[in-house]
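Let's take a friendly look at this protein together. Have the sequence and the picture ready, and follow along one part at a time.

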Amino acid sequence: MDIYRLPVLNDNYIFLLHDPQRNIAAVVDPAVAERVLQKIAELKATLVSIFNTHHHSDHVGGNLALLHHFPEAVVYASEADRGRIPGQQIFLGEGDLVSFGTLCAEVLFVPGHTSGHIAYYFPPLTTETSGNLFCGDTLFSGGCGRLFEGTPVQMVNSLSKIRCLPDDTQIWCAHEYTLNNLKFALTVDPQNLVLTQKFEDVQKMRQRLEATVPASLGIEKQTNPFLRWDADAILKATKTQDFVQSFARLRGMKDQF
Ligand code: ZN
Ligand code: FE
């Protein structure tokens with residue numbers, strides 16, 4: 001499977017999955033349709049699936065226009081988002097399996113940013129390849145989504161599921177927010193040398209207008225404060241020993257940053 005990252009709007013990424021043998025494509029969170037149609041035409045592929053992570057317009061805005069061009073395509077989204085996803089046909093929950101070509105993805109129910117948010121995890125096929133997680137606005141490189149419809153407990157539980165995945169998992173998050181996220185991360189975890197190094201690398205990448213997505217989950221576990229709510233440095237910065245309170249305070253500090 002080839003994965004193409006399509007930058008759209010201010011800072012969104014749409015991901016196009018392509019199976020070159022079967023000449024089929026799937027799209028994750030099409031904020032808009034035009035850029036996706038252009039890439040599919042370039043690949044001479046047929047769109048068979050639209051995978052949505054949550055109902056926000058910068059993730060589903062292109063659904064209907066894509067269905068207009070590819071009426072056979074199937075729209076997958078969360079059961080908990082029933083009624084909020086244009087063209088939704090398949091209603092997913094935790095542990096459901098979805099297929100694309102010969103590949104299978106597992107659905108993780110990850111509420112917090114929204115009440116129905118899901119993520120799609122494609123496990124590694126061989127020992128030489130890594131898995132891919134399409135996590136929408138739940139996890140960002142260096143950060144996490146704002147809690148618009150969920151509680152800190154829900155988000156900690158959701159991020160815990162992601163934290164269980166193998167370190168070499170590639171994290172395909174839906175926004176290019178990394179540089180600003182790392183600026184905040186350094187304010188709460190200033191002694192973290194892996195974080196300092198990552199910040200320097202990302203600064204250089206962004207100066208060259210390079211994308212910082214996908215991110216490696218192993219590096220995120222070491223640098224992203226929102227995956228480190230129970231680490232000593234973060235507990236110290238949030239002045240609590242309670243993990244959920246630590247996460248809630250951290251999210252509050254970021255909201256004010
Ligand atoms: Zn969102
Ligand atoms: Fe978004």
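## Strands side by side

Two strands count as paired if DSSP finds at least two bridges between them. Keep in mind that this model is predicted. With that in hand, look at E9 and strand E10 (residues 132-136): they pair in the antiparallel sense, over three bridges. Within this pair, Phe122 sits opposite Asn132 of E10.

E9 also has a partner in strand E8 (residues 103-109), again antiparallel, with four bridges joining the two. Here Phe109 stands opposite Ile118 in E9.

## A covered strand

Is strand E9 mostly covered or mostly uncovered? Strand E9 (residues 118-122) is mostly covered, since five of its five residues are buried. Ile118, Tyr120 and Phe122 are buried on one side of E9, while Ala119 and Tyr121 are buried on the other.

## The zinc site

Now find the zinc ion (ligand 1). Which residues are its protein donors? They are His54 through NE2, His56 through ND1, His113 through NE2 and Asp137 through OD, at 2.2 to 2.3 Å from the zinc ion. Along the sequence, these donor residues follow the spacing H-x1-H-x56-H-x23-D. His54 is buried, because its relative accessible area is 0%, and buried means under 20%.

Why is the arrangement around the zinc ion irregular? The four donor atoms subtend angles of 89 to 171°, and a tetrahedral arrangement needs all angles to lie between 85 and 135 degrees.

Methods. Residues are numbered from 1 along each chain as its sequence is written. Chains are lettered from A and ligands numbered from 1 in the order in which they are written. This is a predicted model: local features need pLDDT of at least 70, side-chain atom pairs count only at pLDDT 80 or more; totals for chains, interfaces and linings use all residues. Side-chain values use heavy atoms; hydrogens and water are left out. Donors are N, O and S atoms within 2.8 Å of the metal (3.2 Å for Na, K and Ca); water is not among the atoms, so sites may look incomplete. Four donors count as tetrahedral if all angles lie between 85 and 135 degrees; four count as square planar and six as octahedral if opposite donors are over 155 degrees apart and all others between 65 and 115; anything else is irregular. Buried means under 20% relative accessible area, exposed over 50%, partly exposed in between (1.4 Å probe, protein chains only).
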